[in-house]
Amino acid sequence: MMNLDENTIKKAAVIGHPVAQSLSPLIHKHWFSETGIKGDYIAVDVLEGALEQQLEIFKNEGYTGFNLTVPHKTAIIPFLDKLAPLARQMGAVNTVKINPDGTTTGFNTDGIGLMQHLKLSAPGWQQDRPALVLGAGGAARAACLGLLTSNVPMVMIANRTREKAEAIADEIGRGRIVVVDWGDRENALAGAGLVVNTTVLGMTGQLPLDLDLVQVAVGTIVYDIVYKPLQTELLAQATDRGLVAVDGLGMLVHQGAAAFKIWFGVDVGLDERLRNKLDEALS
Ligand code: ATR
C-alpha cells in the first residue's frame with residue numbers, strides 16, 4: 001500500500017474519449033491552488049476497451065480518484081467494488097474514489113451539482129411550483145433525480161423522443177414525474193417555477209432551442225445547462241423578460257466541487273477567479 005501523508009502529492013484525473021476539451025483540469029487545479037492541497041489533476045484519453053486497465057494504473061499509482069465522461073460513465077460500473085445510491089439510480093458514474101485499501105466506490109455528482117448551483121444562484125426559486133425539464137439524456141436524468149430531492153410537487157419532462165422521457169419517469173419517477181409532449185412544452189411553462197434545458201439545443205453548432213417564454217410566470221427560474229456559449233438565446237430571452245436566467249457553468253463547477261469533497265473532504269465552489277478563468281477558456 002502507498003504511504004500517503006500530507007506531503008504526498010494527491011493525484012486525480014478525468015478520463016474520456018475525447019477528453020482534450022475537458023475543463024475539469026482547469027477547475028480542479030484552481031481548487032488545489034486555492035486550498036493549498038498539493039495535488040495534480042490530468043486529462044487522460046482512454047479508449048473504450050482500455051477502461052479496466054486504466055483503473056488498475058490509477059490504483060497502482062496511488063490516485064485518490066478520477067472523473068469520467070463519455071463513453072465511460074456506465075461501462076465503469078462492473079469494475080467497481082461499490083456504488084453510492086445516486087450512481088445506482090442513475091446507472092452512471094461520473095466520479096470514482098479509490099479508497100486507501102485499493103477498493104473503489106462510484107458516485108454520481110451531476111444532480112447534486114445542479115441542486116447546489118440552484119440554491120446559490122436562484123435563492124428565490126419557488127419550490128411549491130412544478131419544474132419543467134427539457135430533454136431526456138443523462139443530464140435530464142440527473143436533473144430529475146436532483147429535483148426529486150427538493151420540495152417541488154411535480155417534475156414535468158418533455159423530450160422530442162417521448163419514449164425516453166417515459167423511461168425516466170418509469171425508472172425514477174416515484175409518481176412525481178409527469179411526461180409532457182414535446183409539442184406541448186410551451187403550455188407546460190405556464191405553471192412552472194423552474195425550466196431546465198438539458199438538450200443540446202442552443203449549444204455552439206446546434207440549432208437554438210425553440211421555446212417562447214411568453215407564458216412563463218414572474219419569478220420563474222430559467223436554467224440552461226449549455227455553457228458553450230454561456231449566454232444562449234434562451235437565457236437572453238429570459239433576461240429580456242425579467243426572469244432569473246442561470247447559465248450552465250455552475251452545474252459543471254458544482255459537480256466537480258462535489259467530487260473534490262468526496263476525494264479530499266474540502267468544500268470548494270465557483271469563486272470570481274475561477275469564473276474568469278473559465279470565461280477566458282470558453283471564449
Ligand atoms: P446527455 O446524455 O449529455 O444529456 P444526450 O443523451 O445526447 O445528452 O441527449 C441530448 C438531448 O437533446 C436529447 O434529449 C435529445 O432528444 P432525443 O432524445 O429526441 O434525441 C435532445 N435533442 C437533440 N437534438 C434535438 C432537436 N433537434 N430537437 C429536440 N431535441 C433534441
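## Basis of the model

Residues are numbered from 1 along each chain as its sequence is written, and side-chain values use heavy atoms, with hydrogens and water left out. In this predicted model, local features need pLDDT of at least 70 and side-chain atom pairs count only at pLDDT 80 or more, while totals for chains, interfaces and linings use all residues.

## The ligand and its shell

Around the ligand are 13 residues, of which Gly138, Asn159, Arg160, Thr161 and Lys164 come nearest (near: a heavy atom within 4 Å). The shell divides into five nonpolar, six polar and two charged residues (nonpolar: Ala, Val, Leu, Ile, Met, Phe, Trp, Tyr, Cys and Pro; charged: Asp, Glu, Lys and Arg; polar: the others, Gly among them).

A polar side-chain atom of Arg160 lies 2.9 Å from a ligand oxygen, a polar backbone atom of Ala136 is 3.0 Å from one, and a backbone N or O atom of Val200 is 3.4 Å from one. The protein covers 68% of the 650 Å² of accessible area that the ligand has on its own (Shrake-Rupley method, 1.4 Å probe).

## The lining of the largest pocket

The largest pocket is lined by 38 residues, with Thr69, Val70, Lys73, Tyr227 and Leu252 nearest its centre (pocket: on a 1 Å grid over the protein atoms alone, an open set of points where a 1.4 Å probe fits, with protein on both sides within 12 Å along at least five of seven lines; lining residues have an atom within 4 Å of a point). By class, this lining has 18 nonpolar, 16 polar and four charged residues.

Definitions and conventions. A polar contact is a pair of N or O atoms within 3.5 Å; within protein, one must be able to donate a hydrogen and the other to accept it, and residues adjacent in sequence count only if both atoms are side-chain atoms.
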